[in-house]
Amino acid sequence: MKKNKKLIAMLGGGQLGLMFTQKAKLMGEKVLILDPDKNCPAGKIADKFINSEYLDKEALQLIKDSCDSCTIEFENIPYKTLQILEKKIKVFPNSNAVKILQNRIFEKNFLKKENLPTTTFYEINSTNDLNLLLNINDWPYIIKTSTFGYDGKGQTIVNNFKELRLACQNLNSQSFVLEKKITLKKEVSQIAACYKNKIIFLPISENIHVNNILHKSLVPANITLESENAIKKITKDIINKLKYEGVLCVEFFIDNNDNILVNEIAPRTHNSGHYSIEGCNISQFEHQVKILLNHAPENSILLSPVVMINLLGDLWKNREPNFKLIDTENAFLHLYNKNEAKSGRKMGHFTIKNSSLNLAKKISDNIFNKLNEK
Ligand code: ADP
Ligand code: MG
């Protein structure tokens, strides 16, 4: 008798889990979502939704019994959860990679140890560590909590030692990374789909942030071939050193001297890769599913220049935005089905394709401005 097809497991049911589930279902797969938030977007469309904590014994047993493979939608899944699951099923990415990448101190020290370029940094774990920084004279720096930071949360610019000390008191954490603030020429990111024996590099996106939150991504990124090659080489080194399988995103800074520096590494699909849903033949989410299913790797090809713009909760203030504006050819709207539109919360995004990147930029900016009109 034919064995029932198993589910594929996704830990985390936010928008990244949602878009993964949408793709997996289109591919004929069944998805299990685990998330402590009973209203999470992906839970609403999952074939099976477990609403519990990530270390809940029963939940993990159920995943081990009903799934062959498992992945994550965000780096703050306890790595112990992955260690438990790894004993029985395939887990992408591996728990050790997640353990490093969910802590900025571990991540920065990993980059330093492997001689990969990143911003100058100091780690602060105690008052003693803090006092050793009294002699810094090349301010400004940015202080970042070592864990749980996202969308610019948990970080502050500091211009002198006094501000640094104050920030350490105000930010709710015991450990920090203090990073040199650099003048950015550009921010770009490289998404890679890491199959067992092959890395697929998705087209590099150029990212514009507003208030430290990604506002839009432009693809292809306007960078030199030299920069592109350096970015791919660094990404490949990271993947090999972490023995990484799964989808990963490396965020890069390019400074005024064209130095390429790793900002941070996300062990998962990434907001800056949403353009790939319509912009590529194979999106970041399709790769994530294919890696879980042990499919053969295929290249992601850019189908046309593309711009992605995020829709934050602020747009919903007082009324529902007029999404008819996006109801045109080569425009694609994604709403994440979140319960409440809080300020700064990612509620959705839209994508504009055009044979000219400049035109895609103009069209998307125009739509975004109109969506914002009162
Ligand atoms: P998050 O986890 O919130 O994305 P990041 O470390 O990526 O944290 O910081 C968010 C944004 O803040 C970056 O994309 C960049 O625009 C800005 N930023 C962070 N660190 C630096 C730095 N060292 N120098 C200049 N800008 C920075
Ligand atoms: Mg970031």
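Here is a short chat about some aromatic pairs and one serine in this predicted model.

Author: Local features here need pLDDT of at least 70 and side-chain atom pairs 80 or more, while totals for chains, interfaces and linings use all residues. Residues count from 1 along each chain as its sequence is written, chains are lettered from A and ligands numbered from 1 in the order written, and side-chain values use heavy atoms, without hydrogens and water.

Reader: Why is the pair of Y122 and Y141 called tilted?

Author: Rings of Phe, Tyr and Trp (its six-membered ring) pair if their centres lie within 6.5 Å; planes under 30 degrees apart are stacked, over 60 edge-to-face, the rest tilted. Y122 and Y141 have centres 6.1 Å apart and planes at 40 degrees, so tilted it is. The search of the whole structure gives 4 aromatic pairs.

Reader: What makes Y122 partly exposed, and Y141 buried?

Author: Buried is under 20% relative accessible area, exposed over 50%, partly exposed in between (1.4 Å probe, protein chains only). Y122 has 31%, so it's partly exposed; Y141 has 0%, so it's buried.

Reader: And why is S300 called buried?

Author: Its relative accessible area is 9%, so S300 falls under the 20% limit.

Reader: How do you know that S300 and H287 make a polar contact?

Author: Such a contact needs N or O atoms within 3.5 Å; within protein, one must be able to donate a hydrogen and the other to accept it, and sequence-adjacent residues count only if both atoms are side-chain atoms. The side chains of S300 and H287 meet at 2.8 Å, so they qualify. The S300 side chain also reaches the backbone oxygen of I282 at 2.5 Å.
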